[in-house]
Amino acid sequence: MTSPHSAPAAHDDADGDIRRMDLVMEGGGVKGIALAGALEVLEERGYTVNRVAGSSAGSIAGALATAGIPATTIVQILRETDYRLFEDGPWWTRWMLGKGIAILLHNGIHRGTFLKNWLEQQLAEHGAPDRTGTFADLLHRDPDPELQPDGARGFRLVVTASDLTSGRLRHLPTDADSFGTTPEQLRVVDTVRASTSIPGFFRPVRWKNAQGRPAVLVDGGLLSNFPVSVFDRPEGEVPRWPTFGIKLSAKPEADFGVRNRIRGPLSFGKAVVDTVTGFYDRMHIDASDSVARTIFIDTAAVKPTQFDLTDEDRELLYRKGRKAATAFLDGDHEQEPWDFEAYKARFRAS
């Protein structure tokens, strides 16, 4: 039986039996249980979580997975969570006028305190008993010491956040020095709180940069909701294990970037926002090698900020996650079964 305080057992790399995987998980508000459903299937097939990158819901699932919490337990956690408690704005934000005032005063309706405390509680209850809560717990140790990576690839968890002050995407803990701190001092829940700051819905996180000036951080999905290439080896080097993407949307169409119908000023404004926020990721997902390694989960039936999820909504998301991962691994009428050797030969041959 798998201990709740350890990752699923894995064989020694030297034997060639281990089935490591890196994961990049897209953000999507309350849709995280779909990510957990897909992760559960991957673990059932013998894959072991190596490193995870994600924003928003993807960062929450990643924090839980890299803490050594089995996917079945993550599913249980997300099934039992009352997401309405994440809406922790003042009592007067129950009304539309109050929401507007909160946005004017604080740039967001909800404090986000409950979400951060909730995640800390899950990690403390289900994670390793000797955890510090910082990224010191999450150093990546390569099976080949001579290939020990640095930067983002040197940690088991990479959380993305959008730094509005500097106008750039932050990879945490890699960019810890930009905020005058170190990975050993940076707490995981603080980075996840920043990454989940859906603009307008949650108040932004305010840190200090290395020069002591204010820095405002919001949802990493604003700049990159799906950093699929973050763990890729340099061009020309063949990957030793797969990096799977898990995306909370249906498979891309032939022209992935063109999806907006411009009919007036509102639709025009929406198209501008969609284009700006999705451009970085579309450069990656348009590439056929990214599509070939990505599990696409159609979660359009549920909105990211639908915090009053019913039991039926949760079950729908969970089942869609499992179904998408199963179809990806086994193949269906739309795709061939996943074959890592075939993937390397086609896309990453040196």
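Author: Two strands (DSSP E runs of at least two residues, numbered from the N terminus) pair if DSSP finds at least two bridges between them. This is a predicted model, where local features need pLDDT of at least 70 and side-chain atom pairs count only at pLDDT 80 or more, while totals for chains, interfaces and linings use all residues. Residues are numbered from 1 along each chain as its sequence is written, and side-chain values use heavy atoms, with hydrogens and water left out.

Reader: ok, how many bridges join S7 to S8?

Author: Four, and S7 (residues 205-208) runs antiparallel to S8. Trp-207 has Ala-215 as its bridge partner in S8.

Reader: And what's in the turn of that hairpin?

Author: Five residues lie between S7 and S8, and Gly-212 in the turn has a positive phi of about 85°.

Reader: What about S4 and S8?

Author: S4 (residues 157-163) is antiparallel to S8 too, with three bridges. Asp-163 pairs with Leu-217 there.

Reader: Why is S8 largely enclosed?

Author: Because five of the six residues in S8 (residues 214-219) are buried, meaning under 20% relative accessible area with a 1.4 Å probe, protein chains only.

Reader: Switching topic: which residues does Ile-246 touch, beyond its sequence neighbours?

Author: Leaving aside neighbours within four places, its contacts (heavy atoms within 4.5 Å) include Leu-23, Leu-42, Phe-226 and Ile-297.

Reader: And how much of the chain is buried?

Author: 51% of the 350 residues.

Terms used
Buried means under 20% relative accessible area, exposed over 50%, partly exposed in between (1.4 Å probe, protein chains only).
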